[in-house]
Amino acid sequence: VACQQVGGRLYLQMDLDIRCFEATHMRWVMNLFVPCLLFYVIGLPLMTLAVLFPRRNDLSNKLTRFRFGVLYTGYTTACYFWEVAIASRKAAVIVVSVFMTTSGAEAQALCCIMIVMVGMVSLLMYKPFERVTDEHNTLFWTEFYGLLVAFLTFWTGLFFYQEVAQGASLQVFFTT
């Protein structure tokens, strides 16, 4: 669905022989993109909320845990919905990478940095993961370090577009 303008017309970015919003492109959009968007990207998180929200006060029930535990096990009772937050954050990064290609890599990286920072601040504020033991909070720190690595990846990637970072040794440093 990522289209780019060439001359006065829009063409599919991955195959410039295909004009956007004409027969071939619309067939792919309607048969692949729309169903995936509705059922996977939007539908699964909404279905998760629809299943868990009415049971939010009964999550420790044996039958509820057996049926739906995969959706909320590992999260605190107050943050039973956190899997939806993670899925939304990942979908937002993909939306930026697909629909902002014409804005350039720098704008994409800045938007993704903002998404990751919102995720990191939310993680720090809500502390959604159950502690493994009193001494270990493994799930929290794993998610935190994952977000930190994503932030550093986008941030250091921005340096490749700066004139100051065109030296070979600095590029090797940022790549490492």
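**View 1. Gln5 and its partner across the strands.** In this predicted model, Gln5 has Leu10 as its bridge partner in S2.

**View 2. The open sheet, strand by strand.** Here S3 comes into the picture too, and the three strands make an open sheet in the order S1-S2-S3. The pairing is antiparallel. Look for strand S1 (3-6) and strand S3 (15-19) at the edges: each has a single partner strand, so one side of each has no neighbour in the sheet.

**View 3. Two helices packed together.** Now for helix H1 (residues 23-52) and helix H3 (residues 82-99), which pack with their axes 9 Å apart. The angle between H1 and H3 is about 155 degrees. Angles over 145 count as roughly antiparallel, and H1 and H3 are therefore roughly antiparallel to each other. Their crossing is left-handed.

**View 4. Who touches whom between H1 and H3.** From H1, the contact is made by Phe33, Val41, Pro45, Thr48 and Leu49. On the H3 side, you'll find Val84, Ala87, Ala91 and Phe99. What kinds of residues make up this contact of H1 with H3? Eight are nonpolar, one is polar and none is charged.

Note on methods. Residues numbered from 1 in each chain as written. Predicted model: local features only at pLDDT ≥ 70, side-chain atom pairs only at ≥ 80, totals over all residues. Heavy atoms only, no water. Axes fitted to C-alpha atoms, helices over the stretch in contact; angles between N-to-C directions. Helix = DSSP H or I, 4+ residues; strand = E, 2+ residues; numbered from the N terminus. Parallel < 35°, antiparallel > 145°, perpendicular 65-115°, else oblique. Left-handed = near helix turned anticlockwise from the far one by under 90°. Contact = heavy atoms within 4.5 Å. Nonpolar A, V, L, I, M, F, W, Y, C, P; charged D, E, K, R; others polar. Pairing = 2+ DSSP bridges.
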